[in-house]
Amino acid sequence: MADGESVDLPLAIKTSDLPKRAASALVMIAVAGAALWLGGWWFDAFVIAVSAVCLAEFLRLVWRGAKSSAWRAAGSAFALLYVGLAAITLMALPVAVVLGVVAVVIATDTGAYFSGRSIGGPKIAPRISPSKTWAGLFGGMVAAGLVSFGFFYSNVGEGAFSVMGAVALVIGAGLAVLAQAGDFFESWLKRRAHMKDSSDLIPGHGGIFDRADGILPVAITAGLLWTQVHL
């Protein structure tokens, strides 16, 4: 099979791990939701713990994929900065904004999945991520834009139907592009490291980095936008 070529597997094989994935997803949602609801140091401890595991998985990919000591050092420094900045940002943002970040990433993944599957079409970068299509990216942008608008409208009411409402749509769509870029970046790291997943920590989902790859750049960008508006 050529590099980047995908195999059309039977539906039964594609969905054989669906119960396991669903159960793992419910556990992750419950734990993250409890941490958000408790807030304070509970949420900070949750973010720190998840970020530490994510960083360890990131470093593992770097060390397995880098071709020299210099690249390992540079990759390790970037991993620490990237994950650390996202963690600090999530702990500093208000809970409502954190929920918005997570919702935008989930909307991006959901919109991309359904539009990519239903429309198909040209791949974005088949050698890095064979399943990602331009239709999927557009669908993710639309879904994320609508979610962003929904959060904005819930905060300001009727005033959302204004220029700022349009800005919220654009910001959501832009964050979707960043989420997909984070996904591509991790896929590129895994290919260089010859690994399917960042780890096997989460049954049916891979590792923490596999679940957080889109949240990292979105959180950092959301923090920068929040700082510009409120400082």
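What covers the buried residues of α9 includes α3, α4, α5, α7 and α8. Buried means under 20% relative accessible area, exposed over 50%, and partly exposed in between, with a 1.4 Å probe and protein chains only. This is a predicted model: local features need pLDDT of at least 70, side-chain atom pairs count only at pLDDT 80 or more, and totals for chains, interfaces and linings use all residues. Residues are numbered from 1 along each chain as its sequence is written, and side-chain values use heavy atoms, with hydrogens and water left out.

**Overall fold**

- The chain has nine helices and zero strands. Helices (H or I, at least four residues) and strands (E, at least two) are DSSP runs, numbered from the N terminus.
- The order of elements from the N terminus is α-α-α-α-α-α-α-α-α.
- Of the 231 residues in the chain, 39% are buried.
- Contact means heavy atoms within 4.5 Å. Among contacts between residues at least 6 apart in sequence, 69% join residues at least 24 apart.

**Helix spans**

- The expected span of a helix is 1.5 Å times one less than its number of residues.
- Helix α3 covers residues 40–65, which is 26 residues. From first C-alpha to last, α3 reaches 37 Å, close to the 38 Å expected at 1.5 Å a residue.
- Helix α7 has 31 residues. Its end-to-end C-alpha reach is 45 Å, close to the 45 Å expected.
- Helix α9 has 16 residues and reaches 22 Å from its first C-alpha to its last, close to the expected 22 Å.

**Buried faces of α3 and α9**

- The buried residues of α3 are F43, V47, S51, C54, L55, E57, F58, L61, V62 and G65.
- In α9, the buried residues are L216, P217, V218, A219, I220, A222 and G223.

**Nonpolar cores**

- A nonpolar core is a set of buried Ala, Val, Leu, Ile, Met, Phe, Trp, Tyr and Cys residues joined through side-chain atoms within 4.5 Å.
- The largest such core has 19 residues, of which F43, V47, L90, V98, V101 and V218 touch the most other members.
- At least two residues of this core come from each of α2 (18–38), α3, α4 (69–92), α5, α7 and α9. Helix α5 gives the largest share, five residues.
- Another core lies apart from it, with 18 residues, among them C54, Y82, I208 and A212.
- In soluble globular proteins, nonpolar side chains tend to be buried together.

**Contacts between helices**

- V47 sits in helix α3. V47 counts as buried because its relative accessibility is 5%.
- Leaving out residues up to four places away in sequence, V47 touches A87, L90 and M91. The C-alpha atoms of V47 and A87 are separated by 6.3 Å, with the two residues 40 apart along the chain.
- V98 is in contact with L36, F43, L90 and L93, leaving aside neighbours within four places in sequence.
- A103 belongs to helix α5. Not counting residues up to four places away, A103 touches V147 and F151.
- A103 and V147 are 44 residues apart along the chain, and their C-alpha atoms are separated by 7.1 Å.

**Second largest pocket**

- The volume of the second largest pocket is about 680 Å³. Of its 20 lining residues, V97, S148, F152, I171 and W226 are the closest to the centre.
- Two or more lining residues come from each of α5, α6, α7 (163–193) and α9 (215–230).
- The lining has 16 nonpolar, four polar and no charged residues. Here Ala, Val, Leu, Ile, Met, Phe, Trp, Tyr, Cys and Pro count as nonpolar, Asp, Glu, Lys and Arg as charged, and the others, Gly among them, as polar.
- On a 1 Å grid over the protein atoms alone, a pocket is an open set of points where a 1.4 Å probe fits, with protein on both sides within 12 Å along at least five of seven lines; lining residues have an atom within 4 Å of a point. Grid points are joined across faces, edges and corners, and the volume is the space filled by probe spheres set on the points.

**Two loop residues**

- S129 lies in the loop between α5 (95–119) and α6 (134–156). S129 is buried, with a relative accessible area of 5%.
- S129 touches F184, S187 and R191, not counting residues up to four places away in sequence.
- H194 is found in the loop between α7 and α8 (208–212), just after α7. H194 counts as exposed, at 69% relative accessibility.
- H194 is not a glycine, yet has a positive phi of about 55°.
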